[in-house]
Amino acid sequence: MSAGVAAGLQVWKLPPAVPFLRQDLSLTLVQAGTLLGIIQLAGMLGGLAISLLAELIGERRCLSGGLALLFLGSAGGGFAWSAGSLLASRAVEGAGFILVVVTGPGLIRRSTPPGRLTTAMGFWGAYQGISTFAGLITGAFVLQVVPWRVWWWAMALLVLVPLPWVLARVPRDELAYVARDGLAYVPRDELAYVARDVPGRVPHDIPVGVPRDIPVGVPRDVPVGVPGDVPVGVPGDVPVARVPRENAGGGRGAASALARIGRTVRAPAPWAAGLVFACYTLPWMAVVGFLPTIYRDGGMAGVWPGVLSAVVGAANAIGSITTAALMKRGLPARALLVPAFVLMATTSLPAFAVDWHTLPAGTTWQFLCVVAFSLTGGAIPATLLRMIGELTPTGGSAPATMGLIQQLFNTGSFVGPALAAWLATRTGGWHSTWWMTCACAAVGIALSLRLRSRATAPVAAPAPVGDRTTALTADGTTDSGAPQA
């Protein structure tokens, strides 16, 4: 979560700095919009490539590498001398950003305690709102006293803060198909799992076929016997199982990962979810990204444009966390997605179609409309991120599902600010923004009505502690060679 917020801060350090960048580097409004979206370019083009990398080298390594790239991009951006060099540094930050946000949900799923996954995903869905609030409100004050370059270098140092914590606390990566004496680590998405709240002492997902009365703390590389008698270590460690030697290591592992990714890409559910995500992030990123500029263009001065924009970002985080609580009560996805889009449209319409400057307390009413727009929008990422496992097809790859969704998400984030800037330039003001927000909401509603989720694997009934359950393959069939309950 801290890594996600640190990555998000690299996106939201820019909006409060836009007026200073336009003055120092002679940026146009459209160039400023491109700077807001360019960090999403790597995710727009490489989400699936990142999922393959995560399959091969592990999600924790990808996340750690992403933090390092974010540091290099932000530190280099502080030396930028033109719009082009700043765009290049933002592209490097974009590569680091996508590494963090694609692998974060998978790491949360593998290390979250029983019964807390929905809550954890709700908080992860809030990382953007939290980073928006922190980046905008801090930048509003800091940029009053220091140059924007110092702000960039401070953000570069800040992104390194979560790295030691990640290396110390996040479980080590699972090694996919690395042979050792005829044994290999098997990726989690190729095992069926029993319910997280079954009796037992292992506080994480328990693979079917593994006894539930295994003490925690056994090292993950201990010698093992037959499948079904596999020691499990600390939460997140991987069981060892016998697989054919020809499937282990090297090109075979890459081919298997590519096959899982291919099955995921051919499934309609990840595409539908990704497009729904894009219909949310395109207008949200455009509105909140340019909100400080909108307020300044309206005559607001000092730190207030940044402070008010930060409150709007915080409302998004509150919406995401609240949605997690509603999902724990059993509300279906459609019951959350469709109303969220309807409310985003109905609140953005008065926020931008009405000339609030001619009305008493107009700025306050416009601000409340934008807060409601952001608050209700927070339901969408929380809902979709919680459904990642259900959206992944049988025999598919959860990182690939996240990668594909993230590609479409980032496409919306990239297009949104540039489209809003183009509309404002063509129409002579920000009043036309509601065209974009309402159109995206309409498409999002249509896609949400068609979205279907699917359980990835059958859930085995709990067995008495100490007994073994029937081992299931990835497609749900029984492994007749495994010990029976």
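These legends accompany close-up views of a predicted model.

**View A. Helix 1 meets helix 10.** Here we look at helix 1, residues 2–12, beside helix 10, residues 162–169. Their axes come within 9 Å and cross at roughly 155 degrees. Because angles over 145 degrees count as roughly antiparallel, that makes helix 1 roughly antiparallel to helix 10. The crossing of helix 1 past helix 10 is left-handed.

**View B. The residues where helix 1 touches helix 10.** Zooming in on the side chains, you will find S2, A3 and A6 on the helix 1 side of the contact. Helix 10 answers with P162, W165 and V166.

**View C. The largest cavity.** How many cavities of 30 Å³ or more turn up in a search of the whole structure? The search finds 2, and the largest cavity holds about 90 Å³ of space. Its lining includes the aromatic side chains of W124, Y127, F277 and F409. Also in the lining are V101, G125, Q128, P381, L385, M402 and Q406.

View D. By residue class, the lining of the largest cavity divides into 8 nonpolar and 3 polar residues, with no charged ones.

Methods: Residues are numbered from 1 along each chain as its sequence is written. This is a predicted model: local features need pLDDT of at least 70, side-chain atom pairs count only at pLDDT 80 or more; totals for chains, interfaces and linings use all residues. Side-chain values use heavy atoms; hydrogens and water are left out. Axes are lines fitted to C-alpha atoms, for helices over the stretch in contact, and angles run from 0 to 180 degrees between N-to-C directions. Helices (H or I, at least four residues) and strands (E, at least two) are DSSP runs, numbered from the N terminus. Angles under 35 degrees count as roughly parallel, over 145 as roughly antiparallel, 65 to 115 as roughly perpendicular and the rest as oblique. A crossing is left-handed if the near helix is turned anticlockwise from the far one by less than a right angle, and right-handed if clockwise. Contact means heavy atoms within 4.5 Å. On a 1 Å grid over the protein atoms alone, a cavity is a set of points where a 1.4 Å probe fits but cannot get out, and a pocket is an open set with protein on both sides within 12 Å along at least five of seven lines; lining residues have an atom within 4 Å of a point. Grid points are joined across faces, edges and corners, and a volume is the space filled by probe spheres set on the points. Ala, Val, Leu, Ile, Met, Phe, Trp, Tyr, Cys and Pro count as nonpolar, Asp, Glu, Lys and Arg as charged, and the others, Gly among them, as polar.
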